[in-house]
Amino acid sequence: MGMVIWTAVALRKRFEKSRELSKARVLLHAIFGTQFLLGLAAFWSRRSTADAPQPMPVMVTLTVIHTVVGAILFAFSVLVVLMCYRLVTRGREVAATASRQVTAG
């Protein structure tokens, strides 16, 4: 939870002009919010059906959806890392200012 929030804040502060990373940040926030709310709902359903003789469908459904959205959040987080690796220049790299013909000699 902390790492997702930290990543989204870093994307907002450093790359607010990048359209791709801004969309990724918004989607990361949306998936995280959904995951958090589903976690609360799954916890509530477990607490409210604790005395039931067998697992109730609402508890099973919310728990499974919470798990699936968690996997989607993890996969999207990896995708954001790959996007940053591809789009963000690293410290020692310098962009080429003019194209030059390279000759082998």
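Buried residues account for 22% of the 105 residues in the chain. The model is predicted. The chain holds 3 helices and 0 strands. Along the sequence, the pattern reads α-α-α. Of the contacts between residues at least 6 apart in sequence, 67% join residues at least 24 apart.

**Packing of α1 with α2**

- Helix α1 covers residues 2-14, and helix α2 covers residues 19-48.
- The two helices pack at an angle of about 155 degrees, and their axes are 9 Å apart.
- Angles over 145 degrees count as roughly antiparallel, so α1 and α2 are roughly antiparallel to each other.
- The crossing of α1 past α2 is left-handed.
- On the α1 side, the contact is made by Val-4, Ile-5, Thr-7, Ala-8, Leu-11 and Arg-12.
- On the α2 side, Leu-21, Arg-25, Leu-28, His-29 and Phe-32 take part.
- By type, the residues of this α1 and α2 contact are 7 nonpolar, 2 polar and 2 charged.

**Packing of α1 with α3**

- Helices α1 and α3 pack at an angle of about 35 degrees, with axes 12 Å apart.
- Their crossing is left-handed.
- From α1, the contact draws on Val-4, Thr-7 and Leu-11.
- From α3, the contact draws on Leu-73, Ser-77, Val-80 and Cys-84.
- The residues of the α1 and α3 contact comprise 5 nonpolar, 2 polar and no charged.

**The nonpolar core**

- In soluble globular proteins, nonpolar side chains tend to be buried together.
- The largest nonpolar core here has 16 residues.
- Within this core, Val-4, Ala-24, Leu-28, Ile-31, Leu-73, Phe-76 and Val-80 touch the most other members.
- Helix α2 gives the most to the core, with 7 residues.
- Val-4 touches Leu-28, Phe-32, Leu-73 and Ser-77, leaving out residues up to four places away in sequence.
- Val-4 also takes part in the contact of α1 with α2 and in the contact of α1 with α3.

**Gln-35 in α2**

- Gln-35 lies in helix α2.
- Residues under 20% relative accessible area count as buried, and Gln-35 is therefore buried, at 14%.
- Beyond residues up to four places away in sequence, Gln-35 touches His-66, Val-69, Gly-70 and Leu-73.
- Leu-73 is also touched by Val-4 and is among the core residues that touch the most other members.

- Ala-42 is placed in helix α2.
- The relative accessible area of Ala-42 is 8%, so this residue is buried.
- Setting aside neighbours within four places in sequence, Ala-42 is in contact with Leu-62, Thr-63 and His-66.
- The C-alpha atoms of Ala-42 and Thr-63 are separated by 5.3 Å, although the two residues are 21 residues apart along the chain.
- His-66 is likewise touched by Gln-35.
- Phe-43 lies in helix α2 as well.
- Exposed residues are those over 50% relative accessible area, so Phe-43, at 53%, counts as exposed.
- Phe-43 and Leu-62 are 8.9 Å apart from C-alpha to C-alpha, and 19 residues apart in sequence.

How values were computed. Residues are numbered from 1 along each chain as its sequence is written. This is a predicted model: local features need pLDDT of at least 70, side-chain atom pairs count only at pLDDT 80 or more; totals for chains, interfaces and linings use all residues. Side-chain values use heavy atoms; hydrogens and water are left out. Axes are lines fitted to C-alpha atoms, for helices over the stretch in contact, and angles run from 0 to 180 degrees between N-to-C directions. Helices (H or I, at least four residues) and strands (E, at least two) are DSSP runs, numbered from the N terminus. Angles under 35 degrees count as roughly parallel, over 145 as roughly antiparallel, 65 to 115 as roughly perpendicular and the rest as oblique. A crossing is left-handed if the near helix is turned anticlockwise from the far one by less than a right angle, and right-handed if clockwise. Contact means heavy atoms within 4.5 Å. Ala, Val, Leu, Ile, Met, Phe, Trp, Tyr, Cys and Pro count as nonpolar, Asp, Glu, Lys and Arg as charged, and the others, Gly among them, as polar. A nonpolar core is a set of buried Ala, Val, Leu, Ile, Met, Phe, Trp, Tyr and Cys residues joined through side-chain atoms within 4.5 Å. Buried means under 20% relative accessible area, exposed over 50%, partly exposed in between (1.4 Å probe, protein chains only).
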